[in-house]
2 protein chains.
Amino acid sequence: MHNTPCTILGIDPGYDRVGYCVASVLSSQFSVLNYGTIQTDKKQDLSVRYQQIVTELTALIKEFKPTQLAIETVLFSVNKKTAMRVAEAKGIITGVCLSQGLQIYEYNPREIKLSVTGNGNADKQAVAKMLNLELKLNSNKELDDALDAIATAYTHFLNLRIK
Amino acid sequence: MHNTPCTILGIDPGYDRVGYCVASVLSSQFSVLNYGTIQTDKKQDLSVRYQQIVTELTALIKEFKPTQLAIETVLFSVNKKTAMRVAEAKGIITGVCLSQGLQIYEYNPREIKLSVTGNGNADKQAVAKMLNLELKLNSNKELDDALDAIATAYTHFLNLRIK
């Protein structure tokens, strides 16, 4: 039941916006160190947007030195083009993290909702409420964009505890 | 019509196998320096296979120092799961290359066939025949697996010449 100290990078993948969360695990306590969104410019070429994601992600890894990536699974959407692009963006993030030596863990939306709220069909509000309650995120920053990333990192923490 | 000297990394993306080609462009001559396949083990977890791709790709980049990546577009296939995985693998390769400072260029299969053979609907045999003729690839190595990667790198070279 006792966690080895580590730093987790939680990611909600995308090419339009990437939600991220950095959290430390110390004495089996999960503490959010930083969270936010990498927002790319719709007017730019995809390669420029990808470069921005790589640059900002690399800066985050350099600053916080996470050793584990917890990333949300991309489910297939009705729009094939969007699904393929989000899968590619997830790959880009995974590639950067593997290059930097992080271990990769993946959780699907149902697992995340179940871990955080106890209900695999919980809505966004229920997830937000539970995370605020559990993690006491007293921040002025908008939680919304990074919510899934925080939930993914927290799911990874809970999953490590069970083992 | 004169190319700036550069080294191109051509990639046919996949998670099962990644075809690659390294080619130099000097005095408007395209010369293949190396080609082959990164073959991952079906029995391993996807994360282990991804790690192998990242490690072998990074070694190639360190050895040959390419500055441009020419990568083939992933078309949507009937099997959603496969299509999403190949898109993710393409992302991983792109992420590693962006991390290493390469510029990214993408070509779809039709563009590649058209550039190499003059026919956008050419079959694999026609592409192989034309590449052997143009590039004089007198090698004992099996061309087959790396054929698309060589064709993609060559397409990028031809595309640069037109500009």
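In which kind of crossing, left-handed or right-handed, does helix 1 of chain B pass helix 2 of chain B? Keep that question in mind as you set up the view. The model is predicted.

**Stop 1: two helices in chain B.** Select residues 46-64 of chain B for helix 1, then residues 80-99 for helix 2. The crossing is right-handed. Two packed helices are described by the angle between their axes and the distance between the axes. Here the angle is about 35°, and the axes lie 10 Å apart.

Now show the residues that make the contact. From helix 1 of chain B, pick B:Y50, B:I53, B:V54, B:L57 and B:T58. From helix 2 of chain B, pick B:A89, B:I92, B:I93 and B:V96. Colour them by class: 8 are nonpolar, 1 is polar and none is charged.

**Stop 2: the helices of chain A.** Move to chain A and select residues 46-64 and 80-99. These are helix 1 and helix 2 of chain A, packed at about 35° with axes 10 Å apart. Their crossing is right-handed. On helix 1 of chain A, show A:Y50, A:I53, A:V54, A:L57 and A:T58. They meet A:A89, A:I92, A:I93 and A:V96 of helix 2 of chain A. The classes are 8 nonpolar, 1 polar and no charged residues.

**Stop 3: where the chains touch.** Show both chains together. In this contact, 23 residues of chain B meet 23 residues of chain A. Which elements of chain B give two or more residues to this side? They are helix 1 and helix 2 of chain B. Helix 2 of chain B gives the largest share, with 15 residues. Colour the chain B side by class to find 13 nonpolar, 7 polar and 3 charged residues.

**Stop 4: the sheet of chain B.** Switch to cartoon view. An open sheet of 5 strands runs in the order 3-2-1-4-5, with mixed pairing. On average, neighbouring strands are turned by 20° against each other, direction ignored.

Zoom in on strand 2 of chain B, residues 17-26. Strand 2 runs antiparallel to strand 3 of chain B, and 10 bridges join them. Find B:V22, which stands opposite B:N34 in strand 3 of chain B.

**Stop 5: the core.** Select A:C21, A:I93, A:I150, B:C21, B:I93 and B:I150. Of the 92 residues in the largest nonpolar core, these touch the most other members. Finish on B:C21. Beyond its neighbours within four places in sequence, B:C21 is in contact with B:G10, B:V32, B:Y35, B:A146, B:A149, B:I150 and B:A153.

Definitions and conventions:
Residues numbered from 1 in each chain as written. Chains lettered and ligands numbered in written order. Predicted model: local features only at pLDDT ≥ 70, side-chain atom pairs only at ≥ 80, totals over all residues. Axes fitted to C-alpha atoms, helices over the stretch in contact; angles between N-to-C directions. Helix = DSSP H or I, 4+ residues; strand = E, 2+ residues; numbered from the N terminus. Left-handed = near helix turned anticlockwise from the far one by under 90°. Contact = placed C-beta atoms within 7 Å. Nonpolar A, V, L, I, M, F, W, Y, C, P; charged D, E, K, R; others polar. Core = buried A, V, L, I, M, F, W, Y, C linked by C-beta atoms within 7 Å. Buried ≥ 20, exposed ≤ 12 C-beta atoms within 10 Å, placed from the backbone. Pairing = 2+ DSSP bridges.
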